[in-house]
Amino acid sequence: MPGKLKAKIVAGRHLPVMDRASDLTDAFVEVKFGNTTFKTDVCPKSLNPQWNSEWFKFEVDDEDLQDEPLQITVLDHDTYSANDAIGKVYIDIDPLLYSEAASVISGWFPIYDTIHGIRGEINVIVKVELFNDLNRFRQSSCGVKFFCTTCIPQCYRATLVHGFVEELVVNEDPEYQWIDRIRTPRASNEARQRLISLMSGELQRKIGLKVLEMGGNAVVGYLQCFDLEGESGLVVRAIGTACTLDKLSSGSAPNTNTHMHPNTAPASNACNSPSKDGKESPLAHGCRSTHNSPVHSVCSSQRLSQNFSVSVPTLIFTGMGSGGSAGKEAGPLRTLLRQQTQTALEQREFPFFTLTSFPPGFLLHVGGVVSARSVKLLDRIHNPDEPETRDAWWEEIRQEIKSHARALGCHAVVGYSESTSICEEVCILSASGTAAILNPRYMREGCLDIGCTDHRFEEPSPPNCGFCHIPYDELNMPFPAQLTYCYHCRRQKVPDVLFTTIDLPSEAAVAGKGCLIQARLCRLKKKAQGEANATAISNLLPFMEYELHTQLMNKLKLRSMNALFGLHIQISVGENMLLGLASATGVYLTALPAPGGIQIAGKTPGDLSSEHISSIQKRINDTIAANKELYQINPPELAEEGVGSPIPEPRHRSRLFRSHSESSDELSELDLSHGKKDAFVLEIDDTDAVEDIHSLLIDAPPPSGFYSCNTENMPGISNWTSGVQMFTSVRVLRLSNANLTNQGLNKIFTDLCENLLKSFYFKLRSMIPCCLCHLNFTVAVPEEELIQVTVTAVAMTYDKEQTQERTAEKPVNKGSLEVEDQLQFPLELCADSSSSNIQTASKISGVGESTNMSPRAASVDYGSFADRCSTWLELLRLKAHTIRRGSVKTISSLERCSPLQEGRSRSLRSSRSFGGSSVTVVKMTPLSFLPGTRIIKYLGIINMFFIRETTSLREEGGVSGFLHSFIAEVFAMVRAHVAALGGNAVVSYSMKECVFMENPNKNQAQCLINVSGDAVICISETDQESSTSTGNTGQTGGSETDGAT
Amino acid sequence: MRLDILIGIHSTSEHHRFINPLNCACVIYPTVNDAVKVRMEGGVMDECEASKDVLLSDTMDQYRTFQMCERLLHSPAKLANQLLFQIPPHRQIMLIERYYAFDDTFVREVLGKKLSKGTKKDLDDISAKTGVTLKSCRRQFDNFKRVFKVVEELKGPLVENIRQHFLLSDKLWLCDGVGISSWYFLDNMVEDMDVDLDKEFLQELKELKILIADKDLLDQHKSLVCTALRGKTKVFIEMEGSFKNLSRGLINIAAKLTNTKDVRDFFIDLVEKFIEPCRSDRWSAADMKLYLTHYTNSAHILDTFKHQVVWDRYMGVVKSCIFKMYHD
């Protein structure tokens, strides 16, 4: 019985008129927690009632405190008939359960009704008194902190990263229960809201328990999702990364660059906020060995990797002598250490990390993207308490991801995420991440105490290219690929192209700016039921992935870039079509070879004249040249210097295969005919191909002054100024023509996305120069012939002058830094060398593992309708690239992600507080930071679920008006909750779910929205007065405008 | 496009009117298409390479945002602590002032007509006559009704009430030319009479007639005022000459106020009987102030004049009306 919850209802304001006769309301409030309900007195005839109630006290278990929301219902008292509900407020009290966060929740909350929207506000104070409970068998996990942020939160440092945590809970969806036929829509919506709130609480508690079990105290990169499976139920699932976080004392500015020397502070080497803080410290300490035997080559058909190159064997870095020493959970490396660690390996454990950016030194090498999809037929969940089926499904997918990563010679997966797409009874489960090799130092404590001599580390990699070096084995390349020596250090091999799901490491050396690259694809599908449908979908998936990747690759080359970060591929299923959308941020990594161009080859004789081909070729070449200019990609071309291998005259070629039919027969045919050619040529063999090439060129570059990316940081820009505007856009397109072809659909879909971007640029034109960051596109097929695209992003202004200035001064800085780095590395690396002797064993285990894996995964299990997408890899294999240039990039040429202190201090502005306003201004951003400010406190996670329904759609301004006001209301409620916690900003905000359904004939519509983020207190960086004046002038636009909605 | 919304971006620099989407752009143009047309003519598209679709979608967003905000503007006191929009206070004030702004021409037309549904139908005519768009007429008309509906049930000084409930500054409501101030004070008077149930006061106003009916009193008053004014103004001669006429004018207006019909003519009378003569004599605003101050105060010194309270109240309103209405 370790908790007492106290709530006090103070007042209400702006209540709706409930009594038409008097134009007034007799309001009272019911406060409910668990099964206990209290009531306030009725405050007669007032739209602004003052209740000033006593403290309502609930004595409850902390388990309930975590699961249950405090439920506040405002009602209108009616003497003769039933009391009318005005609306409700659900308050998640979880933030009060850990000491560092909020101590009281107090403020004005919008009173929300699922039919009418916001109806006035209510002032509530909530407190919790927790009694310590030392019971080890307790069911609660109070005290575990949750963060949506996918990096180590500012003002914390990670002393230990334990690894992956996941959980899911299932229940019946109230909307589909029999009782729903007799209850009102309001009751049904409220039942659903309440249930999901309960389930989220329970889920969070269970995840917390797992974290405690592992010895951690926080979950970072917490990602919670709902699967509305309709008849078969409701699944709430979450994944995250368990960490042990230490709060940094407020004195030490989290923004300063605390590069700790590994020898002195081994276990506390975490750096705060890796993503945005400019740090000089190396990202990756190359731990490579050229003399070790190859890890092993695995059947490539399993791998969904975009990284087509292999080189010097990189050892699986098993830095853990005794994995169990850090407590029960030794984290991701455990699977690889099964021979060494005494701890039993549990099946559910995966070396996955939901983080996308890391403390310096954490990420050693990046292998490439690994992903897995599986098509399932939904079945009614019979026993909600035993959600084994769903668990097993995800287990399978994760196993597969794990084996993909191993095939790439990597022991971990970073930037990991999971998603689903559901249509009727078919469900596509997807997971993706980036195979990587991590520095084990963070996995367990004390590992650095081991002596610092290791023969393996003869030559450390420079910080800004180490992560590009291939982790897999060159001698057993799973597929034909081209490797070159790193253009930086010239010692290690790098692939020609690198795809990842993570953010660009801040130390990475890039040339020019990054840009958003999207691949879009529609595929028609015959309507079908049950197994036939699932089979059809799983047959289509490989082709879609293949085409998406081809598009990405071509667009990347068209922009003269060689790496993708933040890659997210979404495949959405509808009744008669599949939608694929891949978004990523392209960037030119100077460590990688320069991308070649695209060559057009006319294959089919006849229709296409050679002039035509050459004109297309010219257009492509022009576009590439223009893009180089636009993104300022001018890596200095130092003459052919001793790069290890003499590279033949580059034939910048790529081969694109077009599959006209989805039959697998043809697929294998393609495989045979082209598998061995390593050329990259766009072949024009029919009119479709011409259109494809045109569509390549269709992507309009952003207007001048704009840049865009889908990652946290914009490669090449870091000097943010004051203007920050988060926005959300939803578009639903009704396909008018029933007889659409794939081509036609593609065009429509591409236009939809392009037009959205154009709209953003138009709206934001006053913010130039400005960058759209974290552009997050979500596609859905809510109904037949409807395509829904939801975008959330943040527009941030930056200082243009400064960029140029810095580019100029950069090389100078760079040189000295380099020296420093060189000095530091060897030491650090020595420290890392915990257990070289384990490698062999682990390698062996790796071999065994992967050989075991391949046959199993290659078979398509139609019994469960799981398609492992194994075939598409064969397709990918067809693509071979030789894109190199006989030149070497020098280190000094780079513009690194700059030291941010500099950029920040200049961009600093005082965030003006509007003293006159009684409402706290709460800023929202999908990023983990707000430029010019420093987060001093995390107040807890915001995770809210709302349903809104209307039976008067036309009167509310049609679908657009309805959804517009709903989203605005959701924003208002999020802000109110943050303000009540004492916060002034939401970071890592995301709209996870926006399900919109309408029935125009009945004048009805319904929408479900799930949003989440971290409530924080941030303060402006006050140190530089000089910049305040300039900041303020620039700010007028920003601060005023971000105000509304 | 079945659905198309964008929420969160609220700044465009294209045109003054569009600086804030919540501002009058949406008030001025009756339909989205009109607004799009105006914007296109304004050259946004050339300068930003935007297509018509983009412009249309942008304008629609602004209209929707405005509609949501309009509900709040109907009770401006809510605007300050509502949670739907984060609007900095100075923006809020601007918003309210813009929303409650009037066209002089419109007000002159509505002036004196009863605020009822009947008038609403006439808005079409007024719109045609004044060139103010129908939408704008409706907004202004509704604003009047809204303000008076709220204020009529409240006790206390009207200006204060309006200020409190609609956060409108005097500046907005009083300085916008004759029309607006007329309207405001007309209703001020009406409210004064109806709401404060001061029939008595109106009756007593009749008693003021003594000031012009009694020859002695009139002369006495004149000499007091003239003594006080002598040497302090350049138009002293004119003041002295027109004193009796002006005084008669003001007091006759007062006496007629019991008659509802005459209440409606209050400002017209005021202009005809007082302001116009002064203006033709080239009084400055300072002169006017000086004159009215002394004119009011001198009456207190008159031995036989017993209606000081009524006089002060009446002159208080009249003075402030005239001050607002009289410009150099």
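**Exercise 1. Describe how α13(A) and α4(B) pack against each other.**

*Solution.* Helix α13(A) and helix α4 of chain B, residues 52-73, pack at an angle of about 60°, and their axes are 10 Å apart. The structure is a predicted model. Angles of 65 to 115 degrees would count as roughly perpendicular and those under 35 degrees as roughly parallel. The two helices α13(A) and α4(B) are therefore oblique to each other. Their crossing is right-handed.

The next step is to identify the residues that meet. On the side of α13(A) they are Ser960(A), Gly961(A), His964(A), Ser965(A) and Ala968(A), and on the side of α4(B) they are Asp61(B), Arg64(B), Thr65(B) and Met68(B).

**Exercise 2. Determine how α16(B) is placed relative to α19(B), and which residues form the contact.**

*Solution.* Helix α16 of chain B covers residues 236-256 and helix α19 of chain B covers residues 285-301; they pack at an angle of about 65°, with axes 13 Å apart. Because of this angle, α16(B) is roughly perpendicular to α19(B). The crossing of the two helices is right-handed.

From α16(B), the residues Met239(B), Phe243(B), Leu246(B), Ser247(B), Leu250(B) and Ile251(B) take part, and they meet Asp287(B), Tyr291(B), Leu292(B) and Tyr295(B) of α19(B). The contact consists of eight nonpolar residues, one polar and one charged.

Helix α16 of chain B also holds Ser242(B). With a relative accessibility of 12%, Ser242(B) counts as buried, because the cut-off is under 20%. Beyond residues up to four places away in sequence, Ser242(B) touches Asp281(B) and Trp283(B).

**Exercise 3. Carry out the corresponding analysis for α15(B) and α19(B).**

*Solution.* Helix α15 of chain B, residues 215-229, packs with α19(B) at an angle of about 130°, and the axes are 9 Å apart. Only angles over 145 degrees count as roughly antiparallel. Accordingly, α15(B) and α19(B) are oblique to each other. The crossing of α15(B) past α19(B) is right-handed.

The contributors from α15(B) are His221(B), Leu224(B), Val225(B), Ala228(B) and Leu229(B). Those from α19(B) include Leu290(B), Tyr291(B), His294(B) and Tyr295(B). This contact divides into nine nonpolar residues and three polar ones, with no charged residue.

As background, chain B has 20 helices and one strand. Of its 328 residues, 51% are buried. Among contacts in chain B with a separation of 6 or more, 67% are between residues 24 or more positions apart.

**Exercise 4. Locate the largest nonpolar core and describe the surroundings of Leu589(A).**

*Solution.* The largest nonpolar core has 161 residues, of which Leu70(A), Ile72(A), Ile122(A) and Leu589(A) touch the most other members. Helix α13 of chain A, residues 958-980, supplies the largest share of this core, 11 residues. A second, separate core of 44 residues includes Leu217(B), Cys278(B), Val318(B) and Tyr326(B). In soluble globular proteins, nonpolar side chains tend to be buried together.

Setting aside neighbours within four places in sequence, the contacts of Leu589(A) include Phe467(A), Leu498(A), Val510(A), Asn562(A) and Phe565(A).

**Exercise 5. State whether Ile196(A) is buried or exposed, and which residues it touches.**

*Solution.* Ile196(A) lies in helix α2 of chain A, residues 185-214. Its relative accessible area is 0%, so Ile196(A) is buried. Not counting residues up to four places away in sequence, Ile196(A) touches Phe226(A), Leu234(A) and Phe945(A).

**Exercise 6. Examine the backbone at Pro769(A), Lys45(A) and Cys155(A).**

*Solution.* A cis peptide bond, with omega of about -5°, joins Ile768(A) and Pro769(A). Pro769(A) is in the loop between α8 and β26 of chain A.

Lys45(A), a residue other than glycine, has a positive phi near 45°. Lys45(A) is in the loop between β3 and β4 of chain A, and at 53% relative accessibility Lys45(A) counts as exposed.

Cys155(A) is not a glycine either, and its phi is positive at about 70°. Cys155(A) belongs to the loop between β9 and β10 of chain A. At 5% relative accessibility, Cys155(A) counts as buried.

Terms used
Residues numbered from 1 in each chain as written. Chains lettered and ligands numbered in written order. Predicted model: local features only at pLDDT ≥ 70, side-chain atom pairs only at ≥ 80, totals over all residues. Heavy atoms only, no water. Core = buried A, V, L, I, M, F, W, Y, C linked by side-chain atoms within 4.5 Å. Buried < 20%, exposed > 50% of the residue type's maximum accessible area, 1.4 Å probe, protein only. Helix = DSSP H or I, 4+ residues; strand = E, 2+ residues; numbered from the N terminus. Contact = heavy atoms within 4.5 Å. Axes fitted to C-alpha atoms, helices over the stretch in contact; angles between N-to-C directions. Left-handed = near helix turned anticlockwise from the far one by under 90°. Nonpolar A, V, L, I, M, F, W, Y, C, P; charged D, E, K, R; others polar.
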